[in-house]
Amino acid sequence: MDTLNATFARRLLIAHLVSTLEKPSVPVLMSETGWPRRTIQDVIKAIPGMGVNIYFRQDGRRNNDGYYVIDQWGAINPDWLDQNIDNVKKSLE
């Protein structure tokens, strides 16, 4: 597989993490990627532009208590993403 565009690869990586981690909040995603909060937030905001339905599920009393969920992948095949996640990560090196 050729190297992916870094912007697209970031979106794929965050989508993959949201679908595979338990309760993937912004702090959890920051810990997993080492990226700053603003980068994570910007990538999450851009994911719907790929046709992926991502949303924040409230899980507590405070507005920021919760995590992200993907319930529809649009044109992205999550099985392909699982199989190619190492190549996606290499595109970000």
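Arg38 and Lys45 are the exposed residues on the face of α3 that points away from its buried side; here exposed stands for over 50% relative accessible area, buried for under 20% and partly exposed for the range in between, with a 1.4 Å probe and protein chains only. The buried residues of α3 (37-46) are Ile40, Val43, Ile44 and Ala46. Looking down the axis of α3, these buried residues keep within an arc of 165°, so they line one face of the helix; the arc is that of the directions from the helix axis to the C-beta atoms. Their cover includes α1, α2, β1 and β2, where a contact is a pair of heavy atoms within 4.5 Å.

Before going further, a word on the source: this is a predicted model, in which local features need pLDDT of at least 70 and side-chain atom pairs count only at pLDDT 80 or more, while totals for chains, interfaces and linings use all residues. Residues are numbered from 1 along each chain as its sequence is written, and side-chain values use heavy atoms, with hydrogens and water left out.

**The whole chain**

Four helices and two strands make up the secondary structure, and their order along the sequence is α-α-α-β-β-α. The chain has a radius of gyration of 13 Å, close to the 12 Å from the globule rule for 93 residues, so it is as compact as a globular protein of that length. That radius is taken over C-alpha atoms, and the rule is 2.2 Å times the number of residues to the power 0.38. Helices (H or I, at least four residues) and strands (E, at least two) are DSSP runs, numbered from the N terminus. Along the principal axes, the C-alpha atoms fill a box of roughly 45 × 25 × 20 Å. Of the 93 residues, 38% count as buried. Among contacts with a separation of 6 or more, 47% come from residues 24 or more positions apart.

**Helix α1 and its surroundings**

With 15 residues, α1 spans 21 Å from first C-alpha to last, close to the 21 Å expected at 1.5 Å a residue; the expected span is 1.5 Å times one less than the number of residues. Its buried residues include Leu12, Leu13 and Leu17, and among the elements covering the buried residues of α1 are α2, β1 and α4 (78-90).

At the start of α1, a side-chain oxygen of Asn5 comes within 2.8 Å of the backbone nitrogen of Thr7. In the segment after α4 sits Ser91, whose side chain has a polar atom 2.9 Å from the backbone nitrogen of Leu4. Such polar contacts are pairs of N or O atoms within 3.5 Å; within protein, one must be able to donate a hydrogen and the other to accept it, and residues adjacent in sequence count only if both atoms are side-chain atoms. Leaving aside residues up to four places away in sequence, Ser91 touches Thr3, Leu4 and Ala9.

**An aromatic pair and a loop**

The structure holds one aromatic pair. Rings of Phe, Tyr and Trp (its six-membered ring) pair if their centres lie within 6.5 Å; planes under 30 degrees apart are stacked, over 60 edge-to-face and the rest tilted. The partners lie 12 residues apart, with Phe56 in β1 (residues 53-58) and Tyr68 in β2 (residues 66-72).

Glu22 belongs to the loop between α1 (6-20) and α2 (26-33).

| Residue | Relative accessible area | Class |
|---|---|---|
| Glu22 | 71% | exposed |
| Phe56 | 31% | partly exposed |
| Tyr68 | 17% | buried |
| Ser91 | 9% | buried |
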